[in-house]
Amino acid sequence: MGGGGDGHSTTYKGLTMHQPKRWHTVTGKGMCALMWFWIMYRAKKDGPVVLGWRHPWEGHEDHSHGHGHGNGQEHEVLFLFLL
């Protein structure tokens, strides 16, 4: 079980650690950057909810975009019907 002795590995207590290939290093750094970009993006979108600064349902007042929803009277009628 001998190593090549080419200077690209380190042996400590019988365990030989080889240097990673260049593409492993570049791919790992790229994936790390992608992970942090995704974490920061989600923190920007979900941060106030996660930290308890606002509720998830706040900020959705007018997203009807003309889908037949009026000014809230349908909800009021339903509420009165339930009473």
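This is a predicted model: local features need pLDDT of at least 70, side-chain atom pairs count only at pLDDT 80 or more; totals for chains, interfaces and linings use all residues.

Residues are numbered from 1 along each chain as its sequence is written, and side-chain values use heavy atoms, with hydrogens and water left out.

**Stop 1: the helix.** Select residues 22-50, helix α1. Helices here are DSSP runs (H or I, at least four residues), numbered from the N terminus.

**Stop 2: the rings.** Select W38 and Y41. Rings of Phe, Tyr and Trp (its six-membered ring) pair if their centres lie within 6.5 Å; planes under 30 degrees apart count as stacked, over 60 as edge-to-face and the rest as tilted. The count is 1 aromatic pair. Its ring centres, in W38 and Y41, lie 5.6 Å apart with planes at 35°, so the pair is tilted. About one helical turn separates W38 from Y41, because they sit 3 residues apart in helix α1.

Now colour by accessibility. Buried means under 20% relative accessible area, exposed over 50%, partly exposed in between (1.4 Å probe, protein chains only). W38 is exposed at 53%. Y41 is partly exposed at 38%.

**Stop 3: the charges.** Select R42 and D46. Which contact joins their side chains? A salt bridge, at 2.7 Å from N to O. The term means a side-chain nitrogen of Lys or Arg within 4 Å of a carboxyl oxygen of Asp or Glu. The structure holds 1. D46 and R42 are 4 residues apart in helix α1, so about one helical turn separates them. Both are partly exposed: D46 at 31%, R42 at 30%.

Note on methods: Helices (H or I, at least four residues) and strands (E, at least two) are DSSP runs, numbered from the N terminus.
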